[in-house]
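Visitor: I should like to look closely at one part of this model, namely its paired strands. Please describe them together with the elements that surround them.

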Amino acid sequence: MERVPILKIGDILLVSIQLDMSDQTAVQLQEDLAERIVDTGCHGVIIDITALDIVDSFVGRMLSTIASISKVLDAETVVVGMRPAVAITLVELGLSLNGIRTALNVERGMELIAAARADELDYQLDDDPDAETATP
């Protein structure tokens with residue numbers, strides 16, 4: 001069985017889907033990714049689908065499931081490299097990809113994750129009564 005590679009880049013895991021996703025490959029990817037998130041403590045997942053010419057309802061559900069699993073494990077998911085035809089197909093299929101942010105490329109995806117992480121940290125500091133506050 002083929003496996004989808006998962007690369008660690010700083011605080012982000014990069015998943016580059018370069019093959020047609022079978023049911024077995026998708027389930028294995030979900031398990032592998034969940035393990036890597038826990039093992040590395042990463043807070044971001046980028047799924048690059050540039051190589052996919054066709055995204056059907058199965059792949060759309062798989063992406064949503066991966067995003068949900070990642071969110072439960074405290075990692076933001078961004079899908080990058082979506083072709084216009086793929087976006088049109090997803091909309092026509094009625095797949096909203098809940099919980100998934102999108103970006104045009106990996107660089108923009110990394111920026112989205114960094115911004116989301118910064119916002120989360122600011123929010124946590126605002127809620128922490130013991131946090132040190134700077135006096136001007």
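Guide: What follows goes through the strands in order of pairing, and then turns to the surrounding elements. The model is a predicted one.

The account begins with strand S1 (6-9) and strand S2 (12-16). These two pair in the antiparallel sense, over four bridges. Within this pairing, Lys-8 stands opposite Leu-13 of S2. S1 and S2 form a hairpin with two residues between the strands, and Gly-10 takes a positive phi there, near 65 degrees.

S2 is also paired with S3, here in the parallel sense and over five bridges. Ser-16 has Asp-48, in S3, as its bridge partner. How many of the five residues of S2 are buried? Five of the five are, so the strand is largely enclosed by the rest of the structure. The burial extends to both faces of S2: Ile-12, Leu-14 and Ser-16 are buried on one side, and Leu-13 and Val-15 on the other.

From S3 the pairing continues to S4, which runs parallel to S3 and is joined to it by five bridges.

Strand S5 (residues 101-103) contains Ala-103. Because its relative accessibility is 12%, Ala-103 counts as buried. Residues up to four places away in sequence aside, Ala-103 touches Val-78, Val-79 and Val-80, together with Gly-81, Arg-108, Gly-109 and Leu-112. The C-alpha atoms of Ala-103 and Asp-48 are separated by 9.7 Å, although the two residues are 55 residues apart along the chain.

Next come the helices. The buried residues of H1 are covered by elements that include S1, S2, S3 and helix H2 (57-72). Those buried residues are Thr-25, Ala-26, Gln-28, Leu-29, Gln-30, Asp-32, Leu-33, Ala-34 and Ile-37. In an α-helix, residues three or four places apart point the same way, because there are 3.6 residues a turn. The 18 residues of helix H1 (residues 23-40) should span 26 Å at 1.5 Å a residue, and the end C-alpha atoms are 26 Å apart, which agrees. Just after H1, Gly-41 takes a positive phi of about 70 degrees.

Helix H2 includes Ser-64. With a relative accessible area of 19%, Ser-64 is buried, because the cut-off for burial is under 20%. Apart from its neighbours within four places in sequence, Ser-64 is in contact with Leu-97, Asn-98 and Ile-100.

There remains the largest pocket, with a volume of about 160 Å³. Its lining comprises Gln-18, Leu-19, Asp-20 and Met-21, and also Ala-51, Leu-52, Asp-53, Ile-54, Val-55, Asp-56 and Val-59. By class, seven of the lining residues are nonpolar, one is polar and three are charged.

Conventions. Residues numbered from 1 in each chain as written. Predicted model: local features only at pLDDT ≥ 70, side-chain atom pairs only at ≥ 80, totals over all residues. Heavy atoms only, no water. 1 Å grid on protein atoms, 1.4 Å probe; cavity = no way out; pocket = protein on both sides within 12 Å on 5 of 7 lines; lining within 4 Å. Points joined across faces, edges and corners; volume = space filled by probe spheres on them. Nonpolar A, V, L, I, M, F, W, Y, C, P; charged D, E, K, R; others polar. Expected span 1.5 Å × (residues − 1). Buried < 20%, exposed > 50% of the residue type's maximum accessible area, 1.4 Å probe, protein only. Contact = heavy atoms within 4.5 Å. Pairing = 2+ DSSP bridges.
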